[in-house]
Amino acid sequence: RICVITLAEAHPLLQNGKTIKSINYQISANCSRLQNKVSGKSKRGAQFLTELAPLCRISSSDGEEYTIYSCIRGRLIEVNENILSNPAILQEKPSTEGYIAVVLPKFEESKSITQGLLTQKEYEEVLLKRLNSSS
Amino acid sequence: MSSLTEKDRPIVQLLLNTGTCPRCILRFCCVGSQTLYRRPYKDLMKDIKEFLKNNQEEEVAVCFDVVDPPCKRIRLEHTEEGPDDVNHNGALQQIPSVNDENTAMEHSAVKVCNVCLGILQEFCEADFVKKVCQKVNSADYQFTSFVFSVSLPPQLSVRECAAWLLVNQEIGKLGLSLAKDDIVQLKEAYKWIIHPQLSEELSVPADGKSLFEVSVVFAHPETDEECHFLASACPDCFKPAKNKQSVFTRMAVIKALEKIKEEDFLKHFPCPPSSPKNLCVALEIQCNNGAVFVAGRYNKYSRNLPQTPWIIDGERKLESSVEELISEHLMVEFKADSFNFSSSGREDVDVRTLGNGRPFAIELVNPRRIHFTAEEMKGLQQTINNSSDKIQVRDLQLVTRSAIGRMKEGEEEKTKTYSALIWTDEAIQKEDIAFLDDIKELKLEQKTPLRVLHRRPLAVRCRIIHTMKSEYIDEHHFRLHLKTQAGTYIKEFVHGDFGRTKPNIGSLLKRRADILELDVESVDVDWPPTLDN
């Protein structure tokens with residue numbers, strides 16, 4: 001099952017007042033997500049991601065730097081190059097055109113991964129709890 | 001040469017003495033007259049013996065003509081000896097005076113030939129022909145001709161080779177030689193004999209191009225290991241292949257026999273070949289009809305029907321499918337083993353196919369019935385159409401295999417027209433969508449849609465939207481008719497697929513758009529030919 005990684009609703013970058021300065025897919029000296037090449041139906045050659053593998057680093061104009069993590073185990077199919085040329089869409093349409101990456105988990109792990117995710121409702125509850133505990 | 005002459009004498013004598021049957025003897029003497037081989041076995045045996053017995057001065061060739069007074073004379077002489085000399089087969093009981101040596105052989109059962117292992121003996125007889133025809137008739141096939149194919153055990157080639165070496169050794173003494181290619185092929189002689197008999201029983205001619213195949217596999221387990229010595233002599237001819245049960249295939253054995261040196265052959269294989277105890281056995285008699293192809297165009301009126309059966313982990317996700325609804329009736333009428341369904345492209349489960357429909361072709365494998373008149377095809381079409389309101393077919397007809405290519409051509413090259421029901425998030429007015437009608441030859445770049453990305457390679461497709469025509473419905477809906485290049489993903493053109501199809505309706509209208517319904521209005525392929533339905 002194909003997974004599309006996007007910024008979560010509550011992400012700081014999506015809150016008011018933040019402007020994106022730059023997006024960098026070069027996550028280490030040896031690894032740039034832009035160099036990811038896949039071939040064939042089984043997506044050979046893809047960079048393999050674990051939950052904590054960084055996808056990219058985003059710097060905002062106020063000096064903060066955020067690392068966006070994969071959160072899903074699987075093969076990296078593509079990263080969204082549109083946000084490099086047009087960072088605005090990341091904030092304007094984070095759940096559609098502003099997506100970060102597409103990941104394809106292993107067929108056998110597909111079900112367990114889905115079960116480990118939160119539904120929209122569950123996520124909203126988490127946010128509510130967070131809000132309540134901080135106030 | 002059409003008959004035996006004097007210089008054949010040493011060959012005939014040698015082969016007869018070493019246990020070779022009359023027909024194989026004729027083959028090694030390069031006798032090409034088909035009628036001779038068709039003569040009854042016992043007559044041939046008698047004639048050969050007569051040939052050997054006759055003095056050199058007599059006209060021995062005459063004996064082998066179809067109408068042969070001298071032999072008749074001899075026969076008559078023999079019948080004078082007594083009425084019970086002729087047994088119920090019309091063959092002669094042996095006359096003691098003819099040749100004492102042969103008496104023993106004639107009285108006992110026919111010895112299995114050491115070269116053909118009985119193929120040109122028992123398996124040319126009426127009994128076997130009846131057995132084959134029984135199998136054919138019970139299989140209930142419709143056919144107008146037949147091709148009879150025979151699979152012979154590889155050791156026959158080995159024995160043939162041994163007999164040939166034997167003959168050449170003998171006539172070499174006389175300064176003569178026999179080329180392997182001049183010997184009449186066993187399969188050829190067999191077909192000369194058996195084709196007319198099969199043809200008579202089945203009432204149809206034998207035809208090499210026939211689609212109806214009757215095949216017999218012969219085996220001779222007793223001598224199966226005779227080929228094995230070739231493996232050590234020519235190891236590179238025998239590579240084990242995955243699909244084959246035995247490494248000693250007919251082709252491999254023939255190749256090895258060509259390679260092996262005469263001395264090596266004679267070291268490992270008896271020359272003359274030994275007389276086997278048993279005949280060959282006919283392992284299988286099978287019938288097979290060549291595939292027939294039925295083509296037509298289908299309409300799909302359901303938004304809940306897949307093209308092919310949708311089964312995951314053995315569980316069917318949606319009832320039925322386009323191919324099953326069309327093919328199941330054809331399978332029944334044609335009485336085929338299985339079918340292969342193909343069409344000029346396909347549509348999603350939730351997409352209807354309207355207009356003239358989409359071309360399709362079905363290959364029916366091993367059909368028992370193959371002849372259908374145009375009327376009968378129309379009737380079949382009606383049956384299919386009456387059986388379901390989810391699909392309808394038209395222009396149902398029989399086509400040739402080569403015609404399928406034309407259909408697949410359509411998949412890649414021809415245009416399609418669609419009708420899409422589109423929703424927008426922000427309000428639209430008539431003027432907002434009017435400009436779409438003026439856009440011609442719009443170039444799209446479509447990355448492999450996310451919804452199929454798990455089973456297709458990642459790629460970018462350039463496709464063209466030739467024309468568009470919009471129909472305003474209300475502030476959030478309009479209908480769009482489009483004519484596009486083959487292979488365009490329409491749904492993705494509407495909603496943009498996360499921006500991976502550019503441009504898209506959303507980007508053109510500067511709103512968020514999504515597709516509610518899609519119909520295929522036409523598939524612009526002019527095949528199969530339209531019938532007056």
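## Chain B overall

In chain B, 76% of the contacts (heavy atoms within 4.5 Å) with a separation of 6 or more are between residues 24 or more positions apart. This is a predicted model, in which local features need pLDDT of at least 70, side-chain atom pairs count only at pLDDT 80 or more, and totals for chains, interfaces and linings use all residues. Residues are numbered from 1 along each chain as its sequence is written, chains are lettered from A and ligands numbered from 1 in the order in which they are written, and side-chain values use heavy atoms, with hydrogens and water left out.

Chain B has 18 helices and 15 strands (DSSP runs of H or I with at least four residues, and of E with at least two, numbered from the N terminus). Of its 533 residues, 49% are buried (under 20% relative accessible area, 1.4 Å probe, protein chains only).

## Helix H8

Helix H8 of chain B covers residues 155–172. Its 18 residues should span 26 Å at 1.5 Å a residue, and the 25 Å between its end C-alpha atoms agrees with this (the expected span is 1.5 Å times one less than the number of residues). Of the 18 residues of H8(B), 15 are buried.

## Packing of H1 on H8

Helix H1 of chain B (residues 9–17) packs on H8(B) at about 135 degrees, with the axes 10 Å apart (lines fitted to C-alpha atoms over the stretch in contact, with angles from 0 to 180 degrees between N-to-C directions).

Ile11(B), Leu14(B) and Leu15(B) of H1(B) meet Leu166(B), Val167(B), Glu170(B) and Ile171(B) of H8(B). Six of these residues are nonpolar, none polar and one charged (Ala, Val, Leu, Ile, Met, Phe, Trp, Tyr, Cys and Pro count as nonpolar, Asp, Glu, Lys and Arg as charged, the others as polar).

How values were computed
Buried means under 20% relative accessible area, exposed over 50%, partly exposed in between (1.4 Å probe, protein chains only).
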